[in-house]
Structures are given as C-alpha cells and as structure tokens.
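Here are a few notes from going through this model, jotted down point by point. Have the viewer open while you read.

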Amino acid sequence: IANTQNSTVSLNNSRLENNRAGNRGGGFFSDTGTATIINSIFSSNTATNGGGGVYGNESALTVSNSVFYRNNARGLEYRSTLSTIRSAITNSIFWNNIGTTDSQIRNVTNNRISFATGVLEGGSGRGIITTDPLFVDPSKGDFNLRTNSPAINAGDNRSVSATTLTDFAGNARIFGGTVDVGVYELILDPIQYAAANTDLIVGIG
C-alpha cells in the first residue's frame, strides 16, 4: 500500500503479510502524507532498502495497538527533516524484525518519531517492555497474547482511539481496566481473571 502526494490514509484492523518491495516499505509506504494505523498486523514483509513493515518519509504517522513481527529489513523506518511533523507509536509490539542495525525501528533523522507504552525488542525507557510478548503462535500468524504475557494491561488508555472500541477480533478494546499492548485484548472469564490477578477475590455463585 502506498500513500503519496499529501494524502490521508487510515489502516484499521488490517493485516499485511508476505509483501515485498524492491526499494522501501514492504507492507506500507507513506510519503508526505498522513497515516493512521490502528489494530493492524505487519508480518513477514520485505523491503530491499528498509522499512520492511512500514516506511515513512516526511509523513505524519500515528501507530497504535499494532504488531510488527519478522519484517525485513526492519519493522519500521522513518525519515523527516520537517520540524512541523511529529509521529508517534503507542501500545504496539515490535518483535523479531530483521535488520543489520536498529532492526525494530530505525529513526533516520531528527528523532521526530516517538515510541511509548509498548513492547520493543532491544529498546529502553519508561513504559517500554523489552521481554518476549509471548504470542500464542506467531509462526502460524496467531498474535493473541498468552495469559502470562507482559503485554497484558500494559498499555496507555489515553492512546486508545475514541472511534476504535474493539480489538482485531471484535472484542472490547479494554478489559480489566487497562488496554493490552498489541492487536488483541485478552478476554478472560472470572475464574481465569482471578487466577491471573492473585490480589483479586472473585465470588462465583
């Protein structure tokens, strides 16, 4: 998918897998436009010169509750020299992407893209999880979270779009008080929820 000539594109509940670009932006390429990416999966996409999952150039990107997995080269690559453009990634997972340097996210110029409250392999900083997000079976494209995933209830509710009330599967976007990181919200029955939150007492019957 390409977004060019100052266009505006929104990707919601999208799945882009096994795509290939001869230059940049294997899954999605955004140049001088505005792009919003919500509840979307970028997996096993390839770009020869970078941005295997997403490539943004002088483009305002907003990415939330999305998954970037095993894209080559890199999950996302971003370039901007314009002081008026700011881009942000929140509540998202970047894991097992491939690149010689900055394999998850490459911010080429001026640090005009921020990452907060998510899972970032090799990352650092407040609100950033650097341990395995524990997907159910990513090799088969299952990016649901296991019940012991560190991404559960680890997001920032303020970054949840007011127009996106459900996750990738159509379940409530927030369960248990705090949004999960990634595309899927883990929905547990009362007994499972109590087991996963041992400080809670849940009465049954």
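1. Let's start with Ala 172. Leaving aside neighbours within four places in sequence, Ala 172 is in contact with Leu 165, Thr 166, Asp 167, Glu 185 and Ile 187; contact here means heavy atoms within 4.5 Å. Take Ile 187 from that list: Ile 187 and Ala 172 are 15 residues apart in sequence, and their C-alpha atoms are 8.3 Å apart in space. Ala 172 itself belongs to the loop between strand E20 (142–145) and helix H1 (190–196).

2. A word on what you're looking at. This is a predicted model, where local features need pLDDT of at least 70, side-chain atom pairs count only at pLDDT 80 or more, and totals for chains, interfaces and linings use all residues. Residues are numbered from 1 along each chain as its sequence is written, and side-chain values use heavy atoms, with hydrogens and water left out.

3. Now the sheet. Five strands form an open sheet in the order E1-E5-E9-E12-E15, with parallel pairing. Its edge strands are E1 (2–3) and E15, each of which pairs on one side only. Two strands pair if DSSP finds at least two bridges between them. In general, strands of a sheet pair through backbone hydrogen bonds, either parallel or antiparallel.

4. Inside that sheet, have a look at E9 (residues 54–57) and E12: they run parallel and are joined by four bridges. If you want a pair to click on, Tyr 55 has Glu 77 in E12 as its bridge partner.

5. Next, a backbone spot to check by eye. The peptide bond from Asn 72 to Ala 73 is cis, with omega near 0°. Ala 73 sits in the loop between strand E11 (67–69) and strand E12 (76–79).

6. Which value does phi take at Asn 18? It is near 60°, which is positive in a residue other than glycine. Asn 18 lies in the loop between strand E3 (15–17) and strand E4 (20–21), and at 63% relative accessibility Asn 18 is exposed.

7. Asp 102 also deserves a line. Its phi is near 45°, a positive value in a non-glycine residue. You'll find Asp 102 in the loop between strand E14 (93–95) and strand E15 (105–107), partly exposed at 45% relative accessible area.

Terms used
Helix = DSSP H or I, 4+ residues; strand = E, 2+ residues; numbered from the N terminus. Buried < 20%, exposed > 50% of the residue type's maximum accessible area, 1.4 Å probe, protein only.
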